[in-house]
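The sequence and the model are shown first, and the description follows.

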Amino acid sequence: MNLTDKARALGFDPAELRELLDLFVETSLADLQTLHTALDQNRPELAVIASHSIKGAARSLGFDELSAKLETIESNARRNSLVAGRELLESVRAEIDTIVQALKKLDSTAPA
Amino acid sequence: MKKILVIDNHPVILKFMSGLLSKAGYEVLTAEDGLSALDLLQTCIPDVIFIDLIMPNIDGKKLCRIIRRMPDFERVRLVILSGVALEEEIDCAALGADACIAKRTFKEMEESVLGVLESGESALVRHAGKNGGAMWPRQITRELLSDKRHLEVILESVAEGILELNAKGRIIYCNSTARTIMGLSEEDLLGGQFVEHFAHADQERVTGALQRIGAGPQTIGEDSPIRINEKQVSIRFLPMIGSVFGTILIVSDITDKKLMELQLQQAQKMEAIGLLAGGIAHDFNNILTAIVGNVSLAKMYLKKEDKAYAKLVEAEKSAMRARDLTLQLLTFSRGGAPLKKAVSLPEVLQECSRNILKDPAVKCEIRADDNLWPVDVDEGQISHAIQNLLKNSQHAMPGGGLIQISATNRSITGKQELPVAAGKYVEVTVSDQGEGIARENLPKIFDPYFTTKHKGSGLGLTIAYSIVKNHKGCIRVESELGKGTTFCLYLPAALSELGKAATAESGSQGRGKILVMDDEEVVREVVGEMLEVLGYQVEFAAEGETAIRRYAEAIDSQGPFDAVIMDLIVPDGLGGKEAVGRLLQIDPAAKVIVSSGYSEDPVMSEAHCYGFKGVVSKPFRIEDLDRVLQEVINAGNNA
């Protein structure tokens, strides 16, 4: 993932995008934790709220694939189904990790 | 510098908007939900407000409407910033918003937001990106909105008030029933502390329930209702299931239920009093029969000039008052069936006014239609009802004044708002010039034990109401504080001719043989002597079986009875109600008179249906006995 290109596509300078992504990662990790709780306790209503939250921000930031996965979780949860949730959650976490890695890379390449 | 408020529950959106607007030279304020926004708006008035639609703690649509009703915010521009705008046409005008921007990628949103701010026009601006469909999951949003609407329809239709409180006890949702129960608009309720809507004593109970909510659902007010907006309610507190702390409240208006419970208790109390009174009345009337009978006999043995004669007249009057007292108690407590006949009201009204209005400072005017219809009533009961109204009027004017009584013919059609069947009625009004009855007391004045007087029993108007209702009439009251009170009675007009006046011819001479059946020896003795004085031959029976046997024997021996007087109820034997049927099988022309202290028993009011030819209520005077015997024996002979 090239954050410089993404920043350009969204009309931000890299520092601005960085700030937004930090916040996105922080919020999304908290929502992800809530999603795990929802699955553990079989509470679809909690899953709807948390997946909806990550999904909206992901779309605004142009993470379409991530958004699509959360769309599936939300859609299933609205039908009271959390069956496919756990696998998808792993995949969501992987996507967020990719963003985290990209941010780290940005740090390492930034001028000291 | 223009001030802009952005309200959205996602921190990334808030961060993006803050950065964008600050860079463009605006002062930016942010709020994460509707409730926080309302708090913020108490101290500042922004130039533009961006509002997300789907948010916790008061959503965007409600927030728009609330802000638009705040006078200081008329000039503030409201801009909706929501993903929902991609899926449906937002009616900005209905929400009071000036523009609407659909949430897409940040780049697209930037253009739209700045475009709206720069245009400065209050026109609907709908900014949709090229790839809207891909950027927003249309199907899910539709489902989300559809579910939300279903929920709203359900919540707006339920009979209970539903409210949602946030963790700090502030109202963030209320359905229409909640608004009706609490008597306030959504704008007045949302954002306010729920507990502050209650009186001090109830506040503690509400706060207590909120504090205990951690232990599970709580209910208050079921036994001892909570009062709000002149209603009695019970409240169920349900802890919110989800990631946020809060409480769902279910408020039930139990005013009518409590009223019914009260009425039921009242009815049960009346039933108990009735049973007690009925039992006492039976024994009491037997005792009175002996007293009244002996007194009336003693009178006959004396000359009117005798000193003792006047004393006996007084004793007889007192005994008859004791009888009336028993009757009154029975009338209201068991709804005694009235012994109806056609009665002319003007005489009754005159008599009532003479009996009650003794204070010279209280004047009374009686007006009656010249062709006033007779009424079909129990004269004693109706007199009692009218006397109670007169007493009430008199007490309302301690310094004296004028009581006006009128009697007018009225034809009631079904269309009039009176709880009576259509037909001919006589309307009796009793008006005073007293202090009047407070509006809040009007619905209670006929309740048992309700009184505003220091010495009132609280039963007078209840008895009047009960009597009139038992006559299939109705009673209503009109009152104005400081001007006076008017009671209107509607009594059914009599279809038959006026009842013949029951004037006993003293010293009239009866002829014939009478069988007296009564379980009380003292009653048999006094009635026997009264009958002998009246010129009849008398035989006795202590209960029904003996009476039937004696009657049959008399027929066989060619010396039949001319009439039989039977006690209605015999505790350890066959009573009059059962015996009369068997007697009529032996002799269908038997003239049986029913006598009872249970004057409220239906047999007494519908004696003819059971086969009796006459009725005499205990206690009775010699002239009462004479009259009924002459009526019964003569009627048979004339037939």
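## Basis of the report

A contact means heavy atoms within 4.5 Å. This is a predicted model, in which local features need pLDDT of at least 70 and side-chain atom pairs count only at pLDDT 80 or more, while totals for chains, interfaces and linings use all residues. Residues are numbered from 1 along each chain as its sequence is written, chains are lettered from A and ligands numbered from 1 in the order in which they are written, and side-chain values use heavy atoms, with hydrogens and water left out.

## The two chains

In chain B, residues 24 or more positions apart account for 65% of the contacts with a separation of 6 or more. Chain B contains 21 helices and 24 strands; helices (H or I, at least four residues) and strands (E, at least two) are DSSP runs, numbered from the N terminus. Of its 639 residues, 49% count as buried, where buried means under 20% relative accessible area, exposed over 50%, and partly exposed in between (1.4 Å probe, protein chains only). The accessible surface of chain B is about 31,700 Å², with 51% supplied by carbon and sulfur atoms; such areas come from the Shrake-Rupley method with a 1.4 Å probe, and for residues only the protein chains shown count as cover.

Chain A has five helices and zero strands, in the order α-α-α-α-α along the sequence. Of its 112 residues, 48% are buried. Among its contacts between residues at least 6 apart in sequence, 63% join residues at least 24 apart. Chain A exposes about 5,300 Å², of which 53% belongs to carbon and sulfur atoms.

## Aromatic pairs between the chains

Over all chains, six aromatic pairs are found. Rings of Phe, Tyr and Trp (its six-membered ring) pair if their centres lie within 6.5 Å; planes under 30 degrees apart count as stacked, over 60 as edge-to-face and the rest as tilted. The rings of F12(A) and F16(B) have centres 5.8 Å apart and planes at 80°, so this pair is edge-to-face. The pair joins two chains, because F12(A) lies in the loop between α1 (3–10) and α2 of chain A and F16(B) in helix α1 of chain B. F12(A) is buried at 12% relative accessible area, and F16(B) is buried at 3%.

F12(A) also pairs with F106(B): the ring centres are 5.9 Å apart and the planes meet at 65°, so this pair is edge-to-face. This pair too crosses between chains, with F106(B) in helix α5 (residues 106–119) of chain B. F106(B) is buried, as is F12(A). Together, F12(A), F16(B) and F106(B) form one aromatic cluster.

## Helix α1 of chain B

The helix that carries F16(B) covers residues 11–23 of chain B. Its 13 residues reach 18 Å from the first C-alpha to the last, close to the 18 Å expected at 1.5 Å a residue; the expected span is 1.5 Å times one less than the number of residues. Its buried residues are V12(B), I13(B), L14(B), F16(B), M17(B), L20(B) and L21(B). After α1(B) comes G25(B), with a positive phi near 95°.

## Backbone features in loops

Most residues other than glycine have a negative phi, and most peptide bonds are trans. N42(A), however, has a positive phi near 50°. N42(A) sits in the loop between α2 (14–40) and α3 (44–60) of chain A, and is exposed at 54% relative accessible area. E230(B) has a positive phi near 60°; this residue lies in the loop between β10 (226–228) and β11 (231–239) of chain B.

The peptide bond from K618(B) to P619(B) is cis, with omega near -10°.
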